[in-house]
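The following note sets out numbered points on the model shown below. Please read them beside the sequence and the coordinates.

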Amino acid sequence: MSEIFEELRTALYSVWHRRWLALAVAWGVCLLGWLVVAMIPNSYEAKARIYVDVDDVLSEQLGIAGDGREEIRRVRQTLASAVNLEKVIKSTRLGENITERSALETEIKNLDEKVTVTSEQDNLFEITATVGKGDLSDAENAVLARDVVQKLIDILRDEHVAGSRAQVSGAVTQIDEQLEERKRELEAAEQRRLTFEAQYPDLIGGSSTLVTRLQQARTEARGIEADLAAAESALAAINGQLAGTPRTIDTPGTGGPRSALAGAQAQLAELRSRGLTDEHPDVVATTRQVQILTRQVAAQGPNAGGGTPNPAYTSLISIRADRQASVESLQSRRAAIQSDIAALMGSQAAEPEVAAEANRISRDYEVLQQNYEKLLQDREELRTRGEVEDNTSQFKFQLTDPPVVPQGPAAPNRPLLLLGVLFVGLASGAGAAYALSQLRSTFATPKKLERALDLPVIGSISMTVSDAASELRAKRFKQFAGATAGLFGVFVILLGIEFVSVGAVA
C-alpha cells in the first residue's frame with residue numbers, strides 16, 4: 001500500500017512540476033474537441049402514434065373479409081422499405097440536389113437507419129424519424145423530421161386504402177388471365193369429348209358412366225318386371241270378374257226366368273217386410289217359387305239372351321282393355337330394356353382400351369370444368385370485396401399522437417460531450433506531463449532513487465528558496481490558476497451558448 005501511495009505522490013509531483021505543459025496540452029485538446037462537437041449537426045426526432053381499427057362488420061357479414069391484422073402487420077414491416085423511403089426522400093427536402101442514383105441509394109440507406117416503426121399493441125404502433133442534415137438549420141431539420149413522419153403516415157394510409165383496391169384489381173386481372181387459359185383448355189377438352197362421343201355413343205361419360213347406365217338399366221328392368229307381374233295379376237282378376245258377370249239383366253215385366261225370378265224375389269221381400277215368418281203359407285209358396293226360378297236361370301247360363309245390357313259388364317270390358325294395353329306396353333319396355341342391357345354389356349367387354357380413353361376424356365373434362373367454375377366464383381368474390389372496400393374502407397386510421405415539429409434536438413447531447421471533452425483534455429495534459437517525466441532521468445523521492453540505483457541513500461537536501469524566488473513562484477501560480485480558470489470559463493460559456501441556442505429553436 002505504501003508503494004502505491006509513493007507512486008501516486010511521484011505521479012502528482014511529476015504532473016505538478018510540469019503543470020504548464022499539462023495545461024497547454026489540456027487547452028489544445030479541449031479547444032480541438034469543442035470545435036469538433038460544435039461541428040456536429042443537431043438531430044431532431046419526430047414521432048407519431050397510429051391506431052388502426054381492422055374490424056369491418058359489413059365485410060364479415062358478406063363473408064369476404066380479409067385478415068386485417070395480417071395486412072397491418074405486413075405493411076408495418078414493409079413501411080420502412082427502400083421503395084417507401086425513396087418516396088419519402090423525393091417528396092421532402094431530403095431529395096434536394098440529388099441527381100444520381102448512387103446518391104439516392106446512399107440517402108435511402110442513411111434514412112433507413114433513422115426511421116423505426118415499432119408496435120405497442122396489435123392495432124397501435126409508433127413511427128419515429130430522426131433527421132440531422134449539416135446543410136440545414138436546426139429549425140429546418142426539425143420541420144423536416146415532422147415531414148418525414150407525415151409522409152410515412154400518408155404512405156401507410158395509401159397502402160391500405162388505395163393499395164388494397166389496387167391489390168384486389170390486380171388479383172382480378174390475374175384471375176381473368178387464368179380464366180381465359182382455362183377456357184381454352186375446357187373448349188379443347190369439350191371438343192375431344194364430342195368427337196369421341198360421336199364415334200362411341202355408348203361410352204358417353206366414360207366406362208364408369210357405362211357401368212352406371214348398366215346398373216340403372218338393370219334396376220329399371222327389375223321395376224318393369226314387377227310392374228308387369230302386377231299388371232298381369234290385375235288382368236287375370238278382371239277376367240275372373242267378367243266370367244261371373246252376365247252380359248244382360250232381366251227386369252220384372254220383360255218375361256223370361258230372370259224376370260220372373262226378380263219378381264218373385266221382390267214379392268218374397270215384401271212379405272217378410274210385413275212381418276210374416278218363414279212358416280207362413282204365402283212365404284213358403286213364394287220361397288219355393290224363387291228356388292225353382294233360380295235353378296232355371298242357372299241352367300240358362302250367364303250369357304243367356306234376353307233382358308237389358310248389364311252396365312257392370314260393359315265397365316269391366318273397358319277396364320280389361322286398359323289393363324291389356326298396360327301389359328302389352330310393359331312387355332315392350334321390358335324387351336327394349338333387355339336389348340339396351342345386352343348392348344351395354346357388349347360395349348363394356350368389347351374394347352377396354354376405348355373405355356379407358358373414355359374415362360380419361362371424361363375425367364379431364366370434369367376437372368377442367370370444376371377449376372373453371374372455382375375461378376369464376378373467386379373472381380366474383382374479389383369483385384364484391386373491391387366494391388365493398390370502395391364504399392366503406394376496411395381499415396380506419398386514427399392518429400392518437402400526430403407528428404409535430406420537435407422543440408429540442410434529440411442528439412447529440414452537447415453538454416455531456418462538452419464535459420467529456422473537458423475531462424479528456426485534463427487527462428491528456430496530465431498524461432503528457434507524466435510521460436515526459438518518465439523520459440527524464442530525475443527522481444522525485446529518495447526512495448525512488450534508492451530503488452533505481454540499488455544503493456542506500458544517506459539523506460536528502462531541501463531546496464532553499466529566496467524571497468524573490470518565492471514572489472516569482474506566487475506570481476506564476478496565479479498565472480497558472482488564471483489559465484486553468486479560463487479553461488473552465490470557456491467550458492461554462494459553451495454550455496450557456498448551447499442552452500441559449502436550444503431555446504432559440506423552440
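1. Lys-47 is partly exposed, with a relative accessible area of 42%; the class lies between buried, under 20% relative accessible area, and exposed, over 50%, computed with a 1.4 Å probe and protein chains only. Its salt-bridge partner is Glu-45, and the closest N and O atoms of the two are 3.7 Å apart. A salt bridge here requires a side-chain nitrogen of Lys or Arg within 4 Å of a carboxyl oxygen of Asp or Glu. Glu-45 is also partly exposed, at a relative accessible area of 31%.

2. Basis of the analysis. This is a predicted model, in which local features need pLDDT of at least 70 and side-chain atom pairs count only at pLDDT 80 or more, while totals for chains, interfaces and linings use all residues. Residues are numbered from 1 along each chain as its sequence is written, and side-chain values use heavy atoms, with hydrogens and water left out.

3. Confidence. pLDDT is the predictor's confidence in each residue, from 0 to 100. The protein chain has a mean pLDDT of 75, and 71% of its residues reach 70 or more. Confidence is lowest in helix 3 (residues 57-62), with a mean of 39, and highest in helix 2 (residues 19-39), at 89. Over residues 56-67 the pLDDT stays under 50, and the model has 14 contacts for this stretch beyond four places in sequence. The pLDDT is also below 50 over residues 390-394, a stretch with 10 contacts in the model beyond near neighbours in sequence. A contact means heavy atoms within 4.5 Å.

4. Overall architecture. The protein chain contains 16 helices and 6 strands; these are DSSP runs, numbered from the N terminus, with helices (H or I) of at least four residues and strands (E) of at least two. Of its 506 residues, 28% count as buried. Among contacts between residues at least 6 apart in sequence, 82% join residues at least 24 apart. The accessible surface comes to about 30,600 Å², with 56% belonging to carbon and sulfur atoms; areas come from the Shrake-Rupley method with a 1.4 Å probe, and for residues only the protein chains shown count as cover.

5. Salt-bridge network. Which residues are linked with Glu-86 in a network of salt bridges? The network comprises Glu-86, Lys-90, Arg-101 and Glu-105. Glu-86 lies in helix 5 (residues 82-91) and is buried, at a relative accessible area of 16%. Apart from neighbours within four places in sequence, Glu-86 is in contact with Arg-101, Leu-104 and Ile-108.

6. The pair within helix 6. The side chains of Arg-101 and Glu-105 meet in a salt bridge at 3.6 Å, N to O. Because Arg-101 and Glu-105 are 4 residues apart in helix 6 (residues 101-114), about one helical turn separates them. Both ends count as partly exposed: Arg-101 at 46% relative accessibility and Glu-105 with a relative accessible area of 44%.

7. A pair between distant parts of the chain. Arg-333 forms a salt bridge with Glu-220, with the closest N and O atoms 3.5 Å apart. Arg-333 belongs to helix 12 (residues 311-350) and Glu-220 to helix 9 (residues 207-243), so that the pair, 113 residues apart, links distant parts of the chain. Arg-333 is partly exposed, at a relative accessible area of 39%, and Glu-220 is partly exposed at 36% relative accessibility.

8. Total. A search of the whole structure finds 11 salt bridges. Side chains of opposite charge can pair when their charged atoms come close.
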